[in-house]
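Here are a few exercises to work through with the model open beside you. Try each one before reading its solution.

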Amino acid sequence: MKREEINDLAQLVKLDELQSLYKKIKKNHDVKILTTPTEQTLLVPVKDPISGGSFYSGEVLVTSTIVEVDGIKGWSMVMDTNEKLSLYVAVLDACFEKNIFKEEIKDLLKETKKENTKEMKKINQKINSTRVSFDLM
């Protein structure tokens, strides 16, 4: 697992699981919040399939946080307004880099990824079952 995957996968974990891991980390390590969870908007780039160029189709609301755990910085950016999730993900990011609870973080994210893949397969099966095929005469 790469550090770059943490931000995406951790957003799929149940908040209470993240909170319990955060409490364990905070109990045993120095957690400093460098930038409090802050709401921001980002422009969403889209590639134009006709011209091959790109344009911004709109904005998306995110919450970002920067923390420091035992001298290592961690960062997160999560969709929508969710200050707690942003804080927990930033702490996981720093801990992963510092090798604090690294195996526990990996296991949690791998399990979440596996569950998410199963859910997506179920959703895709439901969608595919409604597909209609039209034959031209």
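Angles between axes under 35 degrees count as roughly parallel, over 145 as roughly antiparallel, 65 to 115 as roughly perpendicular and the rest as oblique. The axes are lines fitted to C-alpha atoms, for helices over the stretch in contact, and angles run from 0 to 180 degrees between N-to-C directions. This is a predicted model, where local features need pLDDT of at least 70, side-chain atom pairs count only at pLDDT 80 or more, and totals for chains, interfaces and linings use all residues. Residues are numbered from 1 along each chain as its sequence is written, and side-chain values use heavy atoms, leaving out hydrogens and water.

**Exercise 1.** Classify how helices α2 and α4 are oriented to each other.

*Solution.* Start with the ranges: α2 covers residues 15–28 and α4 covers residues 102–129. Helices here are DSSP runs (H or I, at least four residues), and strands are too (E, at least two), numbered from the N terminus. Next, the angle is about 175°, with the axes 12 Å apart. The pair is therefore roughly antiparallel.

**Exercise 2.** Find the residues through which α2 and α4 meet.

*Solution.* Look for contacts (heavy atoms within 4.5 Å). From α2 come E17, L18, L21 and K24, and from α4 come E104, I105 and L108.

**Exercise 3.** Decide whether N7 is buried or exposed.

*Solution.* First place N7 in helix α1, residues 6–10. Buried means under 20% relative accessible area, exposed over 50%, partly exposed in between (1.4 Å probe, protein chains only). N7 has 13% relative accessibility, so N7 counts as buried. Beyond its neighbours within four places in sequence, N7 contacts W75, S76, M77 and V89.
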